[in-house]
Amino acid sequence: MHGLNEADQRWILEQLNVDDRSQLRDHLAELRELGIPADRNILTSLGISETGERLDDLQAASASEMQMVLRDEPLWMLKQVLALESWPWKEQFLDTLHETQVAKILQMQLPETGFQVRQAMRVHLHEELKNVRRNSLDFSGNAHEKKSWKQRMLGVIGL
């Protein structure tokens, strides 16, 4: 509840009986008084945006999952991925990098990519995220062979 927007909080509170509503309002007020920030990442971890829309796998991914997905990529590729859209995990992902890497990424100027390249990147990221999730569950020790970024991009766009 603490991480929800006011309209959603109000709607949920209206669904409760008077005693429960009062108790929950007291708890929410106490959290605010203590200065405990509302953690909107809880919604993201449930695959829900702040506006209540369903997030796709990439948007709902954790920073640690994306760190695994992007671990072997050059900084310019990280810049391209981060520029694809407003990722909920972006700030936490950047926190996992060394400050010099973050500075280079933020200062880097890259040409804008076309629609096909952006779509190819998203397809690739989805596949790598699936691999990361599958491998985290696979205790056999078998890791998938990772192709270079160029091989993956050319394969996705059919070249």
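How much accessible surface does the chain have, and what share of that surface belongs to carbon and sulfur atoms? In this predicted model, the accessible surface of the chain comes to about 10700 Å², and carbon and sulfur atoms account for 52% of that area. The chain has 159 residues, of which 29% count as buried.

The secondary structure consists of 10 helices and 0 strands. Read along the sequence, the pattern is accordingly written α-α-α-α-α-α-α-α-α-α. Contacts across the sequence were also examined. Among those between residues at least 6 apart in sequence, 66% join residues at least 24 apart.

Two packed helices are described by the angle between their axes and by the distance between those axes. Two helix pairs are described here in these terms.

Helix H1 spans residues 6-15 and helix H2 spans residues 18-33. Their axes come within 9 Å and cross at roughly 150°. Because angles over 145 degrees count as roughly antiparallel, H1 and H2 are roughly antiparallel to each other. The crossing of H1 and H2 is right-handed. On the H1 side, the contact is made by Gln 9, Leu 13 and Glu 14; on the H2 side, Arg 21, Leu 24, Arg 25, Leu 28 and Arg 32 take part. By class, this contact of H1 with H2 has 3 nonpolar residues, 1 polar residue and 4 charged residues.

Leaving aside residues up to four places away in sequence, Arg 32 touches His 2 and Gln 9. Arg 32 and His 2 are 30 residues apart in sequence, and their C-alpha atoms are 8.7 Å apart in space.

The second pair is formed by helix H6, residues 75-84, and helix H8, residues 99-107. The axes of H6 and H8 come within 9 Å and cross at roughly 60°, which makes H6 oblique to H8. The crossing of H6 and H8 is right-handed. Leu 75, Leu 78, Lys 79 and Leu 82 contribute to the contact from H6, while Gln 101, Lys 104, Ile 105 and Leu 106 contribute from H8. The residues of this contact of H6 with H8 divide into 5 nonpolar, 1 polar and 2 charged.

A further residue of interest is Arg 122, placed in helix H9, which covers residues 115-137. Is Arg 122 buried or exposed? The relative accessibility of Arg 122 is 17%. Since buried means under 20% relative accessible area, Arg 122 counts as buried. Not counting residues up to four places away in sequence, Arg 122 touches Asp 56, Leu 58, Leu 84, Glu 85 and Trp 87.

Technical notes. Residues numbered from 1 in each chain as written. Predicted model: local features only at pLDDT ≥ 70, side-chain atom pairs only at ≥ 80, totals over all residues. Heavy atoms only, no water. Helix = DSSP H or I, 4+ residues; strand = E, 2+ residues; numbered from the N terminus. Buried < 20%, exposed > 50% of the residue type's maximum accessible area, 1.4 Å probe, protein only. Contact = heavy atoms within 4.5 Å. Areas by Shrake-Rupley, 256 points an atom, 1.4 Å probe, with all protein chains shown as cover. Axes fitted to C-alpha atoms, helices over the stretch in contact; angles between N-to-C directions. Parallel < 35°, antiparallel > 145°, perpendicular 65-115°, else oblique. Left-handed = near helix turned anticlockwise from the far one by under 90°. Nonpolar A, V, L, I, M, F, W, Y, C, P; charged D, E, K, R; others polar.
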